[in-house]
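I opened my notebook beside this chain and went through it a piece at a time. Here is what I looked up, in the order I did it.

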Amino acid sequence: MKICVPTNMKNIDSYTHVRGESVYLDDIPLLKGTLYAIAFDSPLAHGKIISLDLSEAIAMPGVVRIFTAKDIPGENQIGGIIPDEELLASTHVHFCGMPVALVVAESEEAGRLAVKKININIEPLPVITDPREAQAKGELIVAPRTFQMGDIASAWAQCDQIFEGSTETNGQEHLYIETQGAYAIPMENGAIRIYSSTQGPTAVQRTAASVLHMSMHEIEVDTTRLGGGFGGKEDQASAWAILCALATYHLKKPVKYALHRMEDMRMTGKRHPYSSDFKIGLDKNMKILAYEATFYQNAGAAADLSPAVMERTLFHCTNSYFVPNVKATAYSCRTHLPPNTAFRGFGGPQGMFVIEAAIAKAADALGIPASDIQSANLLRTGDEFPYGQAAESEANECWKKTEELYNINALRREVEDFNNKNKLHKKGLALMPICFGISFTKTRMNQGRSLVHVYTDGSVSVSTGAVEMGQGVNTKILQVVARVFSLDPNRIKIHSTNTYRIANTSPTAASAAADLNGKATEIACLEILNRLKIVAGEELNVPADTIEIKEGKVYTNGQLSILNWDDLVIRTFTRRVSLSEHAHYTPPGIHFDPAKEKGHPFAYHVYGTAIITVTIDCLRGIYEVDSVKVVHDFGTSMNTIVDLGQCEGGIVQGIGWMTMEEIVYDKEGKLRSNALSTYKVPDIYSVPKEITIHALDTKKDNLAVFRSKAVGEPPLMYGIGAYFALRNAVKAFNPTVDLPFDAPMTPEKLLMSLYPPSTKRNKKEQGEFTQAQ
Ligand code: MTE
Ligand code: LUZ
Ligand code: MOS
């Protein structure tokens, strides 16, 4: 098939983005009579509601009504995987920020003033914020799971060296630029349309129907695009959408709720913090013979997506390494934090951090660079993952190319030279290989759908189950149409994601939206193309298989015919042949048996290697990431601009998680880092000074759309290397330091680790410092 679509096509939204014309939830023109909703949320993390006094609030000017759990006509339940989360707290509150009541007012300001007048009396109950404590008390969301391969018990005896340790990784605020929000509109016969900033329109539809005791066909959910989701709107967009719908249901009025940043930070869950233990055993040749890990996932107060996130931690617990003997156990621990949720990587990064820590610990003890151990254990094609799938590996290819292309030996020398010459600045370097499985780990979720219409003027309209959230999925889907029809991209339009047009969608997540919905689109277009060719054959009196449609023209046996795309479309319509198709795609060959914890859950894996170098300032504790140099396995990228953007964004977000973003809850379960003044995200100044991304040259076949591998999540995990690069820089300053594996490595922590009170040298320095004062 001739390709007329360039692989460097700009994101189709770039024009309206730059002009500020792209429509987000808050840009939807409001209907007359629109009311504003705002949640009253629990000030305590755990307790029994003794009384809720709404009288003062309801008397405030502009207040229309205040809804509580009693006003819910159906199930007061929004739990997706497990029904354990109320929409509005009925008798107990389980986290600070849990919605208890919904004020609906004529203006946002009136609503916000009224919320402050609600009085709640809660009898406090004990608060747990630590996952290990929750596990010890039996507070588990689901039964623990264990992935096992080989025979760990006997493997330890064969190891020359065994190392044990513990790690902490903190959560991460999604910080999508567009906060959570929704706008519900009453339709005829009691139906409701919800505009929702959601990654999962079907989840919103299904849950709204069950909360309102309505049928799914009465709830239309429509999503044009999100100002970012990053997983935070995979499950947690539902509450706000359904709160609006609840008010619309009762009041028969349009109701809008767009959260303020502090409400969003306080009321929504984040990336799961994990506490973990590891044990790693090596032989003389640096081969990892055995690896054992225990993960304590801080799930928060309800399941949300935690069981699935926990599962992906286990899937990625050996990162891109082959380990013959593995035992990994994960606990999803119920605490009194807001339910934690999907976040780019979905538990994978948390699993990968632990084995990287184990390798770093071993390398420290053996006095070798971690990369000696990393490179000796990379997966080869045919190697088995602990869950039974055989790898189609590019791990060695990416690693080798990285070493060559970026001249790793010269880089190491540079770092060493710098460290020899400088006392108060040190550099550190780390390599970070990644391996990420593509597919929802729940096999049944791997479905995509697409509805393609060719109109009689030859223009094309496409609806799919994919949600555009800045990642460029609509651009890729448009490219699919343009390629199959060999048509000018300007004649193709991707429409909003709408549950009346595309039913039963999986959320746009797991980096799989372009594959699933792109392939469905390809199927739909091929079907229509086939009909067009049959009609062309009949019109031109030639066999259909001699017809080719190229760049808007129709050819027979390579010869230009009298027909063009527009004529052919009209003639097809005139012959009463359908110009529309709805297609469904499921990736072949994937399966998983949770009873055995074995199967072939992923359509394929994405690989890559990064070298990260950092410079630390040993007086101030601040640091810079000098460079991130990557060889990444894109398969065959169908859009290099979009894919590079995803890599760069993912890398910066990963570095943010590992270095500066620090979520702090106090012992009472109250979020202390509850605003952008107390929660630091990477800005333009903290972006690495250099990011170089090289595409691995591979001709291998794969199951991705046009062999262009999923790219949304995997690059985030390169950011883990920044943690270890910082660690290496600290050790260059203070070689004897015993650094705990406690991410993020904030400047404060880094400074403390440079001058730990226990080391002799630093006692002296601290003394000098005090004297100097
Ligand atoms: N890129 C942007 N700009 N905004 C986002 O919200 N989400 C990420 C990633 N890249 C996100 C993003 C996450 S968490 C996922 S799962 C994928 O995009 C989802 O989109 P895809 O399946 O089309 O890759
Ligand atoms: N969501 C989900 C995900 O429900 N299942 C997954 O496997 C997944 N993986 C990554 C991101 N979101
Ligand atoms: Mo992404 S965490 O799958 O939304």
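**Ground rules**

I am working with a predicted model, in which local features need pLDDT of at least 70 and side-chain atom pairs count only at pLDDT 80 or more, while totals for chains, interfaces and linings use all residues. Residues are numbered from 1 along each chain as its sequence is written, chains are lettered from A and ligands numbered from 1 in the order in which they are written, and side-chain values use heavy atoms, with hydrogens and water left out.

My helices (H or I, at least four residues) and strands (E, at least two) are DSSP runs, numbered from the N terminus.

**Entry 1: the open sheet**

I traced an open sheet of 8 strands with mixed pairing, in the order β3-β5-β1-β12-β9-β10-β11-β20. Two strands pair if DSSP finds at least two bridges between them. At the edges I found β3 (63-67) and β20 (497-498), each of which pairs on one side only.

I then followed β3 to its partner: it pairs with β5 (residues 99-105) in the antiparallel sense over 4 bridges. There, Val63 stands opposite Ala105 in β5.

Axes are lines fitted to C-alpha atoms, for helices over the stretch in contact, and angles run from 0 to 180 degrees between N-to-C directions. Helix α6 (residues 201-212) packs on the sheet and touches β10 (192-196), β11 (219-223) and β20, with its direction at about 150 degrees to that of β11. Helix α7 also packs on the sheet, touching β1 (35-41), β3, β5, β9 (181-186), β10 and β12, and its direction makes about 25 degrees with that of β9.

**Entry 2: strand β15**

Is strand β15 (residues 325-334) buried or exposed? I found 8 of its 10 residues buried, so β15 is largely enclosed by the rest of the structure. For this I used buried as under 20% relative accessible area, exposed as over 50% and partly exposed in between (1.4 Å probe, protein chains only).

I checked two partners of β15. Strand β7 (residues 145-149) runs antiparallel to it, joined by 5 bridges, and Met149 has Val326 as its bridge partner. β14 pairs with β15 in the parallel sense over 10 bridges, and there Asn298 is partnered by Cys333.

**Entry 3: helix pairs**

My angle classes were under 35 degrees for roughly parallel, over 145 for roughly antiparallel, 65 to 115 for roughly perpendicular, and oblique for the rest. For residue classes, Ala, Val, Leu, Ile, Met, Phe, Trp, Tyr, Cys and Pro count as nonpolar, Asp, Glu, Lys and Arg as charged, and the others, Gly among them, as polar.

I began with α14 (residues 473-485) and α15, which pack at about 25 degrees with axes 9 Å apart. That makes α14 roughly parallel to α15. Their contact has 12 nonpolar, 3 polar and 2 charged residues.

How do the axes of α15 (residues 513-540) and α16 (residues 565-574) cross? They come within 9 Å and cross at roughly 90 degrees, which means α15 is roughly perpendicular to α16. Leu532, Val535, Ala536 and Glu539 in α15 meet Trp565, Leu568, Val569, Arg571 and Thr572 in α16. I sorted the residues of this contact into 6 nonpolar, 1 polar and 2 charged.

The contact of α10 with α18 holds 8 nonpolar, no polar and 4 charged residues.

Most residues other than glycine have a negative phi, and most peptide bonds are trans. Lys252 sits in the loop between α7 (238-251) and β12 (255-258), and at 53% relative accessibility it counts as exposed.

Met286 also has a positive phi, near 70 degrees, and I placed it in the loop between β13 (274-282) and β14 (288-300).

Which peptide bond did I log as cis? The bond from Ala743 to Pro744 is cis, with omega near 5 degrees. Pro744 is found in the loop between β30 (741-742) and α19 (747-754).

Conventions
Contact = heavy atoms within 4.5 Å.
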